[in-house]
Structure formats: structure tokens, C-alpha cells
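Trainee: I'd like to learn how to read a model like this one, feature by feature. Can we go through it together?

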Amino acid sequence: MQNASSYLHFASILDKVKEPKAKKRFCPIDRYQGASLPRTKQGAARPPDNAGPAQNAHRRSICPVACTLDLLGDKWTLLVVRDLMSGKSHFKEFLASPEKIATNILAERLARLAANGLVERYPSSDIAGREAYRLTEKGRSLRGLMAQIKAWGLDHIDGTEARMATDKEN
């Protein structure tokens, strides 16, 4: 009988204990919601209101380098951009690249680039019923960066050579 009463006493104590509230994860961008960011000499800071929902999701910093790396800094994304700049537009063309990107990775990278306004999907004029991809103006603005990365690789990594032209207009 004593065990049962101590069990009931323990259960009544548990009922009185409140569940801990889940802490909201701090996001530095939250402090700027609705406010204008100052303009800088090096470039215009964009208010977070102008960023799309895909850009604001899971942002870890307001640092432009960190945000750019979050979007473009993985192993495959810039290779997809390179292929788009060289004139590739169909899924199978991307798969034929020498790096052999997996289909699931390619689909995810194209979707992420499209969600962030760097790539757009459009009905293919070459293959009926299929979609093709092309860089948007925002995506084409990466040409200078891609040229610098290419030049740096040619200058500093032995055995590299530029086999693909990346200056075609899309």
C-alpha cells in the first residue's frame, strides 16, 4: 500500500511540473525585419524584405560571404552554373558532364538555384514535353566570379585546363 501511495504522490508532483518551452532559435536577420539596412561604400545592403522566402529560410548569418557560400559554396552548384554558362540546358546534358553528378543532387541544385532566382525553367523547344533551364539575369551576373575562379585555378593548380567555354549567352 505504501508503494501505491508514493507512486500517486510522485504522479501528482509530475502533473504540477511544467513542460519546458522550446526556445526560439536566434536568427540575426530577425532584428532587421521591417527596418532599412544602412548603405555601405562597398555596395548596397539589401533589406531582408526584398529577399525571397528561399533566401531567408535557414539563413545563419547576415554576412554576404556566408550567405553566398550557403547558396553557391557546395561541391556541385558552381559546376551546374558553369554548365549553364557553357550552353547546357537539359537535364541529360548536365548529367553528361565529366564530374558525373548524381541525378538526385542535380535535381536538388537546379531546384535551389531556381528558388533563389538564379535559374529559370522553361518549356524546351528542342524536346517536346520536356523542360530546359537557363540562367536569369541574376544568374548571369556570376560570369565575372566564374571567370576569376577559372583564372585562379589555371594559375595555381597544376594540370588544370579550360575545356569548356563559359561565355555563351543564355
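**Reading the model**

Mentor: The protein has eight helices and two strands, where helices (H or I, at least four residues) and strands (E, at least two) are DSSP runs, numbered from the N terminus. From the N terminus on, the order is α-α-α-α-α-α-β-β-α-α. This is a predicted model, where local features need pLDDT of at least 70 and side-chain atom pairs count only at pLDDT 80 or more, while totals for chains, interfaces and linings use all residues. Residues are numbered from 1 along each chain as its sequence is written, and side-chain values use heavy atoms, with hydrogens and water left out.

Trainee: What share of the residues counts as buried?

Mentor: Of the 170 residues, 27% count as buried. Buried means under 20% relative accessible area, exposed over 50%, and partly exposed in between (1.4 Å probe, protein chains only). As for contacts (heavy atoms within 4.5 Å), residues 24 or more positions apart account for 49% of those with a separation of 6 or more.

Trainee: Which residues of α3 are buried, and what covers them?

Mentor: Helix α3 spans residues 64-72, and A66, L71 and L72 are buried there. Their cover includes α4 (77-85) and α6 (103-115).

Trainee: How should I read a nonpolar core?

Mentor: In soluble globular proteins, nonpolar side chains tend to be buried together. A nonpolar core here is a set of buried Ala, Val, Leu, Ile, Met, Phe, Trp, Tyr and Cys residues joined through side-chain atoms within 4.5 Å. The largest one has 18 residues, and V80, L84, L113, L118, V119 and L142 have the most contacts inside it. At least two residues of this core come from each of α3, α4, α6 and β2, and α4 supplies the largest share, four residues.

Trainee: How many salt bridges are there?

Mentor: The count is nine, taking a salt bridge as a side-chain nitrogen of Lys or Arg within 4 Å of a carboxyl oxygen of Asp or Glu. Start with a pair inside one helix. An α-helix has 3.6 residues a turn, so residues three or four places apart point the same way. R112 and E108 both sit in α6, four residues apart, about one turn of the helix. Their side chains meet in a salt bridge at 3.3 Å, N to O, and E108 is partly exposed at 35% relative accessible area. D74, E108, R109 and R112 are linked in a network of salt bridges.

Trainee: Which parts of the chain does the R134 and E120 pair tie together?

Mentor: The side chains of R134 and E120 meet in a salt bridge at 2.7 Å, N to O. R134 lies in strand β2 (residues 131-135) and E120 in strand β1 (residues 119-123), so the pair ties together parts that are 14 residues apart in sequence. Both ends are partly exposed: R134 has a relative accessible area of 31%, and E120 has 34%.

There's also R121 with E131, a salt bridge of 2.3 Å, N to O. This pair links R121 in β1 to E131 in β2, ten residues apart. E131 is partly exposed, at 39%.

Trainee: How do I read empty space in a model?

Mentor: Rolling a probe the size of a water molecule over the atoms shows where empty space is left. On a 1 Å grid over the protein atoms alone, a cavity is a set of points where a 1.4 Å probe fits but cannot get out, and a pocket is an open set with protein on both sides within 12 Å along at least five of seven lines; lining residues have an atom within 4 Å of a point. Grid points are joined across faces, edges and corners, and a volume is the space filled by probe spheres set on the points.

The whole structure has one cavity of 30 Å³ or more. The largest cavity has a volume of about 50 Å³, and its lining residues include W76, F94 and I101. α4 gives the most to that lining, with four residues.

Trainee: How many residues line the second largest pocket?

Mentor: There are 21, of which L79, R82, I149, K150 and E161 lie nearest its centre. The volume of this pocket is about 580 Å³. The largest share of its lining, five residues, comes from α8.
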